[in-house]
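Here is a short tour of a single chain, going from one residue out to the whole fold. Have the model open as you read along.

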Amino acid sequence: FKQTHPGKKLLFMGQEFGQWHEWSEAQALDWHLLEHEPHQQLQRLCRDMNHLYRETPALYAGDTSPDGFRWIECQDAANSVYAYSRIDVTRPESKPVVVVFNFTPVPRDGYRIGVPQAGEWRKVLDSDGQHYGGSGYNSHEHFQTEAVPWHGSDQSVVLDLPPLAALILQ
């Protein structure tokens, strides 16, 4: 999910399909790994993340401005949940993106996240999707905000966070 954090992105040779060995100019990449489903799934996730990045200005327009990034949750060490929003600073009226990570093998049901705007939020990417090799734990595609102040925002949504995964909402 490098494409969601601020700053310039770097994807080194072979990372897009899970090469096991460090890249070396002395040999070719291990393209044969793509014969195996887990490597295809990782490549699919990387491809979809790159498409989302290219199509979503909030993920890149604020790379050099502190106004393009806002922590939502960075204190919940007990649950290992982190969340932040990305904003297109060139077009403040555009829809922001919210990224939520669950870094534990335990699902977090009913987890409330403050969001920067009221309305319906749509899941645009779920790293736990079955087509990426995940469990498909969270089948919800849309989330309606509630007027419950949370994380310094006037609006919030309640999510079922999949284990060891990230959700991107817009």
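A residue is called exposed when its relative accessible area is over 50%, and buried when that value is under 20%. Keep in mind that this is a predicted model.

Let's begin with L164. Its relative accessibility is 58%, so L164 counts as exposed. You will find L164 in the loop that links β7 (155-161) to β8 (165-169). Apart from neighbours within four places in sequence, L164 makes contact with N102, F103, T104 and P105. G119 lies 45 residues from L164 along the chain, and their C-alpha atoms are 27 Å apart.

Now step back to the chain. One helix and eight strands make up its secondary structure elements, and their order along the sequence is α-β-β-β-β-β-β-β-β. With a radius of gyration of 17 Å, close to the 15 Å from the globule rule for 170 residues, the chain is therefore as compact as a globular protein of that length. Along the principal axes, the C-alpha atoms fill a box of roughly 55 × 35 × 25 Å.

| Share | Value |
|---|---|
| Buried residues, of the 170 residues | 42% |
| Carbon and sulfur atoms, of the accessible surface of about 9300 Å² | 54% |

Finally, the charges: the chain carries 14 positive and 22 negative side chains. The centres of these two sets are 5 Å apart.

Technical notes: Residues numbered from 1 in each chain as written. Predicted model: local features only at pLDDT ≥ 70, side-chain atom pairs only at ≥ 80, totals over all residues. Heavy atoms only, no water. Helix = DSSP H or I, 4+ residues; strand = E, 2+ residues; numbered from the N terminus. Buried < 20%, exposed > 50% of the residue type's maximum accessible area, 1.4 Å probe, protein only. Contact = heavy atoms within 4.5 Å. Rg over C-alpha atoms; globule rule 2.2 N^0.38 Å. Areas by Shrake-Rupley, 256 points an atom, 1.4 Å probe, with all protein chains shown as cover. Lys, Arg positive; Asp, Glu negative; His and termini not counted. Charge placed at Lys NZ, Arg CZ, Asp CG, Glu CD.
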